[in-house]
Amino acid sequence: MHHFFVNPKDVSEEEIVITGSDVNHIKNVLRMKPGEEVLISNGQGGDYLCKLKTLADDKVICEITDAEFEGTESPAKFILFQGLPKADKFETVIQKAVELGAYKIVPVETKRSIVKLDAKKKESKLKRWSGIAESAAKQSRRSIVPEVGDIIKFDKALEMAKDFDLNIIPYENFKDMEATRAALAEVKPGMKIGIFIGPEGGFDEAEVDAAIEAGVKPISLGKRILRTETAPLAILSILMFMLE
């Protein structure tokens with residue numbers, strides 16, 4: 001079943017109107033016909049099972065057949081603070097993190113970040129990253145399109161996360177698996193959880209110390225050192241399994 005996102009204002013009690021580039025995609029690429037079923041999300045957690053009703057030049061009108069379609073969102077909100085890696089790696093992280101249930105992805109400049117973007121490049125990158133998140137959300141049937149935040153410094157990331165219910169930082173020099181299990185056992189539905197992942201080369205020790213001082217709990221992801229694009233997928237998979 002094909003999945004589309006619309007603005008909440010385009011959802012009425014009985015119908016949903018699809019506009020923009022998806023109209024051409026439905027009509028000319030997918031060659032869909034009236035009567036075919038689609039899943040539509042309003043980007044705010046509302047999911048609707050619909051049938052195509054009218055295909056016009058500038059819009060597609062859909063009839064809502066099930067307004068209480070069970071969504072796919074995680075019962076907790078995972079905010080991924082990803083140490084900024086090279087472009088292709090970060091695009092992979094965005095795609096897979098969205099599939100695994102991340103609520104928001106925030107690129108973070110750290111001491112060991114290789115990539116440095118000027119203002120013009122930041123704007124174009126953010127647009128591309130948001131597009132990747134939307135595409136992944138459609139593919140994985142998310143109820144929302146997770147936001148890819150603006151690039152921030154590490155200290156700002158810690159400040160952003162200070163009021164979260166739980167913050168964790170996988171760190172290769174932390175070997176205490178009992179403490180790791182205890183930290184993960186705190187995860188419960190309804191929580192907002194910050195996940196801090198280092199870039200290529202990992203976090204600087206001073207950054208880890210600052211995170212721990214700010215209340216972020218260090219955890220271990222096992223005996224092996226994971227790449228920056230592997231670590232977030234590992235921890236998100238663990239959390240998804242625990243809650244779902």
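Start by selecting Phe-81, Phe-154, Phe-164, Phe-196 and Phe-203, which ring pairs link into a cluster. Rings of Phe, Tyr and Trp (its six-membered ring) count as a pair if their centres lie within 6.5 Å; planes under 30 degrees apart are called stacked, over 60 edge-to-face, and the rest tilted. This is a predicted model, where local features need pLDDT of at least 70 and side-chain atom pairs count only at pLDDT 80 or more, while totals for chains, interfaces and linings use all residues. Residues are numbered from 1 along each chain as its sequence is written, and side-chain values use heavy atoms, leaving out hydrogens and water.

How many aromatic pairs does the whole structure hold? A search finds five. Zoom in on the rings of Phe-154 and Phe-203: their centres are 5.4 Å apart and their planes meet at 55 degrees, so this pair is tilted. Phe-154 sits in helix α4 (residues 154-160) and Phe-203 in the loop between β11 (192-197) and α6 (205-213), so the pair ties together parts 49 residues apart in sequence. Helices (H or I, at least four residues) and strands (E, at least two) are DSSP runs, numbered from the N terminus.

Buried means under 20% relative accessible area, exposed over 50%, and partly exposed in between (1.4 Å probe, protein chains only).

Next, select Cys-50 and Cys-62. The structure holds zero disulfides (pairs of cysteine sulfur atoms within 2.5 Å). The sulfur of Cys-62 is 5.5 Å from that of Cys-50, too far for a bond. Cys-50 is buried, at 0%, and Cys-62 is buried at 0% too.
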